[in-house]
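Work through these exercises with the structure open. Try each task before you read its solution.

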Amino acid sequence: MKLILNICLMLLAASAAFTSAAAFAQANEQFVPALVYRTGPFAPNGVPWANGFVDYLKLVNERDGGINGVKITFEECETGYAADRGVECYERLKGKGPTGAAAFNPLSTGITFALTEKVPADKIPLITMGYGRSESADGNVFKWNFPLMGTYWTAADILVQHVAKAGSLKGKKIALVYHDSPYGKEPIPVLQEHAKKHGFELLTLPVTSPGVEQKATWLQIRQQKPDYVFLWGWGVMNSTAIKEAIAVGYPRLQMYGVWWAGAEPDTQPAEMAAKGYNALALQHGADKVAVHKDMMKHVYDKSKGTGKKEDVGTVLYNRGMLNAMLVVESIRAAQGKYGKKPMTGEQVRWGAENLNVDTARIKALGMDGMMQPLKTTCSDHEGARKARIHTWDGKSWSFTSDWYEADNKMLRPMVEAQARKYAAEKKIEVRDCSKET
Amino acid sequence: MFYRENGQYKTSYKADQALFPIVQDRIFIALVMAIAFIVIPMFASEYLFRAILIPFLILALAALGLNLLVGYCGQISLGTGAFMMVGAYAAYNLAIRIPELNLLVVFLLAGFITTIVGMVFGIPSLRIKGLYLAVATLAAQFFMDWLFSRVKWFTNESSSGAVSVPEIQLFGFSWNSPVQKYFLVLGIVAVFALIARNLVRSNIGRSWMATRDMDVAAEIIGIRPMYAKLSAFAVSSFFVGVAGALWGFVHLGSWEPAAFDVNRSFTLIFMVIIGGLGSILGSFLGAAFIIFLPIVLNQIPALFGIPISTATAAHLESMIFGALIIFFLIVEPHGLARLWAIAKEKLRLWPFPH
Amino acid sequence: MGSFIEVVLGGLMAGLLYSLVALGFVLIFKASGVFNFAQGAMVLLAALAFARFSEVMPMPLAFILAALVMVLVAFMIEKLVLRHLVNQEGIILFLATFGITYFIEGAGQLIFGSDIYRIDLGLPKEPKIILESTFDGGILISIEDLVAAAVAGFLVLLLALFFQKTSTGRALRAVADDHQAAQSIGIPLNRIWVIVWSVSGFVALIAGMIWGSKLGVQFSLALVALKAIPVVILGGFTSVPGAILGGLIIGVGEKLAEVYLGPIIGGGIENWFAYALALMFLLFRPEGLFGERHIDRV
């Protein structure tokens, strides 16, 4: 009995302590929160991304002494890919540091949905690089969301472009094997639009989360014999899909993953048998360029690295790094306008909206070859719509196509229509970008 | 000494049947209410409101609903998350399709819709019981997961299947600051707790408890098991449905079915059992335990500046959480509410226990 | 026709894999009356241990070590949990196994890592096509699944022999029938529990190896427990043949539903369909296919 009471008291004391332990302000620091998941069903994919993200922040501190002299501080918070844990992390971290959190990167479509409702009130930008709501590319409605470098609709469009290049799609059959969640369902409208335009038949095959049970799905694919399979999965669903494809003898050459289904943890379990499997690359692949040398020199050689040395330069590690880079560049852009001091979330939002990462800047960052120029505007929060295909050769990923650019003529009206619908539902005002300076 | 009821005479039936017949209980409840309605709003931080208190209150409401079913009627349900989901989506559809409706009415109607669904899924309880029933209710969970991600009408044809709700407007005001949301939720939860407290000491509550203790015997003394079981499912679903609507509208604002997945159902049953089966207070204690514990555990390393990685912290958190569940079940299988009762007993005798 | 047979075959194979996990449930429920939700976590732990050990040592040795880990787990569970919860209600015991689940998941990943690991049993992954002359496109047979099925069958045989022929097995059956009576004739209850949890840990290890070699060893293995639950209620909590037959029925049922019913109503139905199927059976036989009839006396 006593023991229990003691424990209760301790818990009470602890909870009292953490509520009062307000962020002690230190002048010249910029706080960047890191929502990560290193446990749970999606950990194998979440871990390298998280490592890349925090390593890049460390690199900026070690190599450049921060952003224009402003040191970056960061804190990880484990979300486990669950929306309610994500919200708790967000509330916990949003006020830290002298100016509050710079920007949030949840790496989860579900958490993105929940945070989209919360960021406008707190005035913190939400950067969702390569994921999130596709319609949030419309900055007129989604003032605080930045699906930089490409949305799911961009991805779907580019995949269709790529397979159409090999020959007319008329009368062909494409199967979409997708994670049965908003994430997996996002590309369907664009693919349906394309099905009408190109005259192919679209089969949609949902896989229940987390996606370990796919036998029926792949037996259907064996029956229907689609010409291409698009894989829209995440985490264990990808590796399982590839294994099941092997088990029913579906040619890997005709499989195309989205950029979240094209990393080492997806193909490594099948290794050589996955040879020929293709996936979109979100601009970067498993490259090693100048910035990785810096990373070795400034972070890993000082044994300050977060993960294992061998994992530096893997696909998802690079994505985490690029994601952190975009946050840092947004802060830098904001500093250009507001002065070289820690930025508030609102100022970082301006920076993210006026990002201009051009060829010269990419070179200066040491990321030459990893990405294409990216420029955001008030109405375009995506910034770049390019991607290419990379293919697994049994040991590693390598690029097998040129750059494609998504057809914005077709996508933009869809984005705007969906965004307007959201604005109407939420009763929010649409801002007029032509009047903003 | 502090908790002694001798000297408090009940001279009328009314006094005997009072909600809280003992003065000390009334003082305690008044104190809790005062803290909840006055002290907390004055001192709590935004983090405390949005990340802890609001989710705590909403899940406590859901746990209360589940406790009516499990603790009072003895029908185990592992599908509570699904019923929350029904409540949330019902409220969403009502709010989107009939925008003139007062939001409180929306929540109540959502509760009624959940009631109907809950009764449908309660029908197997007439035939199967115990663990078999518990597992059968998982069917509701997986079916609802599927239904709301497949039928587009429920999500207003949104391309991704996720929905978002407008800001909360009630009686011409918008209720969007953390304190306002807190008051809204607190008010609703307080009213429902009062209803629950009265329900369980009424005729229907007693028929639930008779069914729980032994359904065959209950039937013999003239309680219709079908009526008792289905009414328990109905009332419980109503509570849970309203909690689901609140979770969607007040806490998340935008959600996908995964926000109400099977883990939600499991956490709710933990809350009920750790808190104490068949106890209203227990539902709140259990909800507090299950919500606060992981958050506290998660922050301890950062608090004391222990340099361990996020992954290690998360694994340790899971281990300690599991160990504490087992620990509590071993020392007090009847839950935190029972501990509270023991504490009261001690207070009654203190300082001369003999 | 060819594809129909394929789906049925696929369902049978998947069902056998569910049975492997379900067997663990049944063994423990029989002997200690605990509905062990931690079976999934035990599968994960066993697979993790085997995968990580086999990285540094030959496979048989890794197998033995992993089995020892499971025995240790069984011992700890008996010592620290079960012993203190004797005579509690089923739901309390059920909940305690949730605690065990969280603990094992945390500890397993803490010790062995939360990345994705490979188990390579050297089974051929490419499919074989047979009867190509009879059916258009032939019938697809996966060698990996066949081996898994053979292992499952062998395991059941082994368990049956163990239960029927050894004195420990007889003691186990006695405990399952009436643990008070068993205790009164001198069967050491605690030791029996350790043994039965060890056996189910061993079953978890086999299941973990097969699932792990199919899916890769990572956290989601713990979730196969959820697939095995409808199997157990369909077959009855206390019946080993029930677990096997239940697994086959669920496996075939859900695959047929997904392939033939799925496209009509939108797909992704196999998860709830398994539960609905089990529920349907329950409405006719509330104790499962082979469960013991329960008679209430007032």
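Conventions come before the exercises.

This is a predicted model: local features need pLDDT of at least 70, side-chain atom pairs count only at pLDDT 80 or more, and totals for chains, interfaces and linings use all residues. Residues are numbered from 1 along each chain as its sequence is written, while chains are lettered from A and ligands numbered from 1 in the order in which they are written. Helices (H or I, at least four residues) and strands (E, at least two) are DSSP runs, numbered from the N terminus.

**Exercise 1. Describe the side of chain A that touches chain B.**

Step 1: count residues. Contact means C-beta atoms, placed from the backbone, within 7 Å. Chain A gives 39 residues and chain B gives 35.

Step 2: find the elements. Those giving two or more residues on chain A include H1 (2–20), strand E2 (71–78) and H16 (408–426). H1(A) gives the most, with 7 residues.

Step 3: sort by type. Ala, Val, Leu, Ile, Met, Phe, Trp, Tyr, Cys and Pro count as nonpolar, Asp, Glu, Lys and Arg as charged, and the others, Gly among them, as polar. This side of chain A has 15 nonpolar, 8 polar and 16 charged residues.

**Exercise 2. Do likewise for the side of chain C that touches chain B.**

Step 1: 38 residues of chain C contact 36 residues of chain B.

Step 2: H4 (90–112), H9 (224–235) and H11 (270–284) of chain C each give two or more residues. H4(C) gives the most, with 17.

**Exercise 3. Check the length of H13(A), residues 315–338.**

Step 1: the expected span is 1.5 Å times one less than the number of residues. For the 24 residues of H13(A), that is 34 Å.

Step 2: compare. The end C-alpha atoms of H13(A) are 34 Å apart, which agrees.

Step 3: check burial. Buried means 20 or more other C-beta atoms within 10 Å, exposed 12 or fewer, and partly exposed in between, with C-beta atoms placed from the backbone. In H13(A), 20 of 24 residues are buried.

Step 4: look past the end. A:Gly339 follows H13(A), and its phi is positive, near 105°.

**Exercise 4. Is A:Glu271 buried, exposed or partly exposed?**

Step 1: locate A:Glu271 in the loop between H11 (264–267) and strand E9 (278–281) of chain A.

Step 2: count neighbours. A:Glu271 has 14 other C-beta atoms within 10 Å, so A:Glu271 is partly exposed.

Key:
Contact = placed C-beta atoms within 7 Å.
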